[in-house]
Amino acid sequence: MAGAVEAKLAELGLALPDVVPPLASYQPAVQSGVYVYTSGQLPMVDGKLAVTGKVGAEVTPDEARELAKTCALNALAAVKSVAGDLDRIARVVKVVGFVASATDFTGQPAVINGASELLGAVLGDRGVHARSAVGVAVLPLDAPVEVEVQVELTGA
């Protein structure tokens, strides 16, 4: 049964995807106490990268911002896989975003805003978080963006 968070996703025209299977030796998310930590989530859609390349070269900043939203949606799916219910999210604590960047691209924060804004739209005040947005030379599978999320759960 879908809860309030998934109902909000549907209201926004979004659906929670299946959890993206790991590409190597790790779990998509783990719970430690009241916290869930996701592994880095790529902008996978139906098992495939939506786009590849460097932001500021083959990928526009606007495209990358949309890809960051996809990463955040995949992160929510990973959280649900261990928490059981997204309504248990007390708050998003931290978001870390990696942007595969052309050498002269410096707009990483605007790209990762895509993930932050999605979490805010879906979770309201519970989606407000600390964040890092980091430019990197390359990401797995030549993905333009990767996002990891840490959330605190309610006790219930």
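This is a predicted model: local features need pLDDT of at least 70, side-chain atom pairs count only at pLDDT 80 or more; totals for chains, interfaces and linings use all residues.
Next, display the largest pocket, whose volume is about 200 Å³. Thirteen residues line the largest pocket, and those closest to its centre are Pro 17, Met 44, Val 45, Asp 46 and Asn 74. Two elements each give two or more residues to this lining, namely strand E3 (44-45) and H2. Which element gives the most to the lining of the largest pocket? That element is H2, with three residues. Colouring the lining of the largest pocket by residue class shows eight nonpolar, three polar and two charged residues.

Now turn to the second largest pocket, with a volume of about 150 Å³. To find its centre, select Leu 23, Tyr 26, Gly 40, Gln 41 and Leu 42, the closest of the 13 residues that line the second largest pocket. The lining of the second largest pocket comprises nine nonpolar residues, three polar and one charged.

Finally, select residues 6-148, which UniProt, in an unreviewed entry, lists as "domain: Endoribonuclease L-PSP/chorismate mutase-like". The end C-alpha atoms of residues 6-148 are 20 Å apart. By secondary structure, the span is 31% helix and 24% strand.

Methods
Residues are numbered from 1 along each chain as its sequence is written. Side-chain values use heavy atoms; hydrogens and water are left out. UniProt positions are given in the numbering used here, feature names are shortened, and annotations may be inferred rather than shown by experiment. Helices (H or I, at least four residues) and strands (E, at least two) are DSSP runs, numbered from the N terminus. On a 1 Å grid over the protein atoms alone, a cavity is a set of points where a 1.4 Å probe fits but cannot get out, and a pocket is an open set with protein on both sides within 12 Å along at least five of seven lines; lining residues have an atom within 4 Å of a point. Grid points are joined across faces, edges and corners, and a volume is the space filled by probe spheres set on the points. Ala, Val, Leu, Ile, Met, Phe, Trp, Tyr, Cys and Pro count as nonpolar, Asp, Glu, Lys and Arg as charged, and the others, Gly among them, as polar.
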